[in-house]
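Could you walk me through this structure, one part after another? I am new to it and would like a friendly explanation.

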Amino acid sequence: MLRFLLILGCTFFMSLVYSQTNSQNAVADNSLDYYLFQSFLATGSQQRISLNHIGIQGKQLEAGFLVTAVLEGYPAHTIGLNRGDVITSVDGEPFHSVNTFNIERDSNGAFASFTQEHQLTFQRNDTTIEVSVLPVFENLFDSYRSATSNSVLEFSAGNKTIGYIRFWALSRGTNDLINYQKLIASLDHCDGIIFDLRNSFGYLDSQHLDLVFNDKDNYFIVTEPPDHNYDFADLSPNLTFENYRKPIALLLNEDTRGGTELFAHQLAKLQRVITIGSATAGKIGSFRIKSDFAESHIEYQPATAVFIDGILFEGLGIEPDLSVRFPYETTTRGDPQYDAAVNALLGII
């Protein structure tokens with residue numbers, strides 16, 4: 001039994017394994033998720049695969065590629081793509097989230113960087129829109145960290161000030177922890193903060209919780225069978241800072257995964273915290289890269305024997321205090337979950 005353990009990405013441990021396998025939980029290397037997971041699995045910056053991308057998440061539909069999230073400060077955000085838009089084509093050809101912008105490879109087999117604009121066509125409600133877009137060449141680990149910093153804002157609501165941070169990714173790196181500290185410190189004067197954990201991924205370190213909690217006495221307990229061999233990384237060095245002690249609204253959805261789910265689980269213990277949105281994925285298992293001579297993919301292995309505070313978390317996830325539906329296919333503008341968070345904070349404040 002352990003008081004607190006590092007959770008890496010959606011996992012308690014992630015390792016690289018090369019073998020042949022077939023699995024319904026496999027993520028193929030023609031998926032953006034593959035490059036997101038790979039960048040968090042990598043042991044260092046040199047091992048993270050860079051690719052040309054525009055900063056989106058989404059899923060393939062018959063009508064095109066449905067955008068489910070847009071990273072702040074990245075090309076899709078710059079050109080005005082929104083959650084719920086459907087990308088139908090690029091340069092007149094059907095859009096693919098990886099292959100469209102990554103046609104050529106260098107002599108080492110890595111994707112080649114392109115500095116070429118493309119004509120992107122997307123559908124918004126009954127309107128077809130065409131825009132020019134210039135992808136960036138970057139690994140998704142760096143992109144998600146940058147988007148987190150880019151997301152910070154504050155605004156007035158009546159006579160109150162509310163802050164907002166979208167935690168696209170949690171990293172245990174000391175520099176990243178210092179950056180999170182600075183982000184929250186920049187909003188310390190706010191009467192409340194919205195932590196947006198929708199579509200989030202990454203590491204969880206006890207010091208992420210230290211940003212909000214006064215002490216570690218109530219941090220969640222992890223229990224596991226004795227024959228399990230989870231690889232727990234050391235906690236990062238202690239940092240000294242003032243934690244945020246005012247009300248917090250946590251935004252969750254079905255793509256809140258792994259470490260950020262456990263972040264939300266712990267924060268929800270505070271009476272000044274309210275969770276809003278839809279149930280999380282309940283995925284805190286392990287990912288492994290597996291490959292043969294033909295292809296590479298990442299396989300998810302559920303944590304079916306790991307308990308968080310005595311609860312089998314895998315497949316369960318978190319049910320928010322306030323359920324607010326916001327399907328990805330919603331075509332009306334606005335964000336009902338965000339609006340509910342603002343109203344909930346004003347009620348608490």
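Helix α4 covers residues 174–185, and at 1.5 Å a residue its 12 residues should span 16 Å, which agrees with the 16 Å between its end C-alpha atoms; the expected span is 1.5 Å times one less than the number of residues. Helices (H or I, at least four residues) and strands (E, at least two) are DSSP runs, numbered from the N terminus. This is a predicted model: local features need pLDDT of at least 70, side-chain atom pairs count only at pLDDT 80 or more, and totals for chains, interfaces and linings use all residues. Residues are numbered from 1 along each chain as its sequence is written, and side-chain values use heavy atoms, leaving out hydrogens and water.

Asp176, Leu177, Tyr180, Leu183 and Ile184 are its buried residues (under 20% relative accessible area; exposed is over 50%, partly exposed in between, with a 1.4 Å probe and protein chains only). They cover an arc of only 120° around the axis, so they sit on the same side of α4; the arc is that of the directions from the helix axis to the C-beta atoms. The face turned away from that buried side carries the exposed Asn175, Lys182 and Ala185. The buried residues of α4 pack against α3, β12, β13, β14 and α5, where contact means heavy atoms within 4.5 Å.

Two of those partners lead us on to a sheet. Strands β12 and β14 run parallel and are joined by five bridges (strands pair if DSSP finds at least two bridges between them). Ile165 stands opposite Phe195 in β14. The open sheet has six strands in the order β11-β12-β14-β17-β18-β23, with mixed pairing.
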